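Here is a briefing on one part of a predicted model. Keep the sequence and the 3D view side by side as you read.

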Amino acid sequence: MSVLKITKDNFEKEVMQSDKPILLDFWASWCGPCKMVGPVVEQVAKETADVARVGKINVDEEQELAQAFKVMSIPTLVVMKEGKVVKSTVGVQSKQTLLSMLQ
């Protein structure tokens, strides 16, 4: 499955009502580290399509969501299960780290 574009309009349906864990990548187009982690996030989405979901939230376009998650630095990566944050990290992460966060 491809990476979902998460907005405030689809957040409830795609994230809060998800029956699978979801990895959220808070990013911005001008952010160098975000560009570095982007392909890793894409790989995680492909490798976990049957057991998890992956979404990207552009902090410039979705400032309300960024504030709700208290995003202070990007990239911020958050895993949610059953509508609750279970893990989060800031900065460039390896594919293995992201995969382990989803377990």
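F26 has T76 of β4 as its bridge partner. Five bridges link β2 (residues 22-27) and β4, and the two strands run antiparallel.

- Five of the six residues of β4 are buried, so the strand is largely enclosed by the rest of the structure.
- Two residues separate the strands in the hairpin of β4 and β5.

**F69 and its contacts**
- F69 sits in the loop between α3 (63-68) and β4 (76-81).
- Beyond its neighbours within four places in sequence, F69 contacts F11, L24, F26, V78, M80 and V85.
- F69 and F26 are 43 residues apart in sequence, yet their C-alpha atoms are 9.5 Å apart in space.

**Backbone angles to check**
- Most residues other than glycine have a negative phi, and most peptide bonds are trans.
- K70 has a positive phi, near 55 degrees. K70 lies in the loop between α3 and β4.
- K70 has a relative accessible area of 66%, which is over 50%, so K70 counts as exposed.
- E82 also has a positive phi, near 50 degrees. E82 is in the loop between β4 and β5.
- E82 is exposed, at 73% relative accessibility.
- The peptide bond from I74 to P75 is cis, with omega near 0 degrees. P75 belongs to the loop between α3 and β4.

Methods
Residues numbered from 1 in each chain as written. Predicted model: local features only at pLDDT ≥ 70, side-chain atom pairs only at ≥ 80, totals over all residues. Heavy atoms only, no water. Helix = DSSP H or I, 4+ residues; strand = E, 2+ residues; numbered from the N terminus. Contact = heavy atoms within 4.5 Å. Buried < 20%, exposed > 50% of the residue type's maximum accessible area, 1.4 Å probe, protein only. Pairing = 2+ DSSP bridges.
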